[in-house]
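Please look over the notes below with the model open.

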Amino acid sequence: MRKNLTLSKLKQGKASIGAWLQMNSIHATRLLAAQGLFDWLLLDLEHTPYDYPTTAAIMSTISDISAGRITPLARVPVGSIEHIKSALDCGAQGVIVPMVKTADEVKRAVAYARFPPDGERGGGGLAPHLGFGVNRPLYLSGVNKEILVGIQIETKESIDNLEEILGVPGVDLFFIGPNDLHMALGLPARFWSNEPAFVSATQKVIKGCKKRNIPVGTLCSQAVQVKERMQDGLTFLGMGSDAHFMLTFAGQQYGQLNNLEEPPETWCNIVSL
């Protein structure tokens, strides 16, 4: 059975770098996966809804084109058994569950991602085992150890209840959602900042996870930010998205053509020049 290489890296304390998929394009995913630049690619089902056939095609594309070297992940829009099970049955090898507020929500998310006796995930799905390169019986017997369960910390309530949340067994990763966490703290949305309230909240997460030896991740927009977060001790890091890669390069070319300096923000987020 193929190993979930992203999960293996995180357990070894190594950095795992990936990218967000927002373009709903099997072809763009295939091109990106074939380059072998990333450890994981995450399909953002929360902000860019997909139908099940497209989700299954994208997940299998990631697994097949990389021969298992790139881990297909999904961020689910709601931490329900339907959303988590559907993403995994479509071939995701891990889920990121956003907007949690309580430890009970985290416990349910972990249970929904695991087969019995460890959880409540039913043995459905016709082909998720193919991404792990094994037959169905072997998949069902061993996949609980290979499915990554990540919990996104991005609400004020999750910070308030952090100790209880961090104490839930079975979580492989805690992911700081920087934009939403800024807004939850009454701050303008940003990838990262030195705002005292944001620094206090993120340090609380990082220190709590370090104490329990649980990896921490977050989303960045550029490689320089990835390096900065690695210095902070984070190991699961998203370096932009397929949409950002395309639009940023297009914006750079437009700027060069029209003698415009590159803006301090990413081209993708600029409303007007």
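1. Helices (H or I, at least four residues) and strands (E, at least two) are DSSP runs, numbered from the N terminus. On that numbering, N213 sits in the loop between helix 10 (196–212) and strand 7 (216–220). This is a predicted model: local features need pLDDT of at least 70, side-chain atom pairs count only at pLDDT 80 or more, and totals for chains, interfaces and linings use all residues. Residues are numbered from 1 along each chain as its sequence is written, and side-chain values use heavy atoms, with hydrogens and water left out.

2. Stay with N213. Its phi is positive, about 60°, although N213 is not a glycine. N213 is exposed, at 67% relative accessible area (buried means under 20%, exposed over 50%, partly exposed in between; 1.4 Å probe, protein chains only).

3. N24 also deserves a look. N24 is not a glycine, yet has a positive phi of about 55°. The loop between strand 1 (16–21) and helix 2 holds N24. N24 is partly exposed, with a relative accessible area of 38%. Most residues other than glycine have a negative phi, and most peptide bonds are trans.

4. Check the P116–P117 peptide bond. It is cis, with omega about 10°. P117 lies in the loop between helix 5 (103–112) and helix 6 (136–142).

5. Now the rings. Rings of Phe, Tyr and Trp (its six-membered ring) pair if their centres lie within 6.5 Å; planes under 30 degrees apart count as stacked, over 60 as edge-to-face and the rest as tilted. The count is 8 aromatic pairs. F175 and F236 make an edge-to-face pair, with 6.1 Å between centres and 80° between planes. F175 is in strand 6 (residues 173–176) and F236 in strand 8 (residues 236–241), so this pair ties together parts 61 residues apart in sequence. F175 is buried at 1% relative accessible area; F236 is buried at 0%. Ring pairs also link W20, W40, F175 and F236 into a cluster.

6. Last, a helix packing. Helix 2 (residues 26–34) and helix 3 (residues 52–65) pack at about 20°, axes 9 Å apart. Axes are lines fitted to C-alpha atoms, for helices over the stretch in contact, and angles run from 0 to 180 degrees between N-to-C directions. Helix 2 and helix 3 are therefore roughly parallel (under 35 degrees; over 145 is roughly antiparallel, 65 to 115 roughly perpendicular, the rest oblique). Contact (heavy atoms within 4.5 Å) involves I26, T29, R30, A33 and A34 of helix 2 with A57, I58, T61, I62 and I65 of helix 3.
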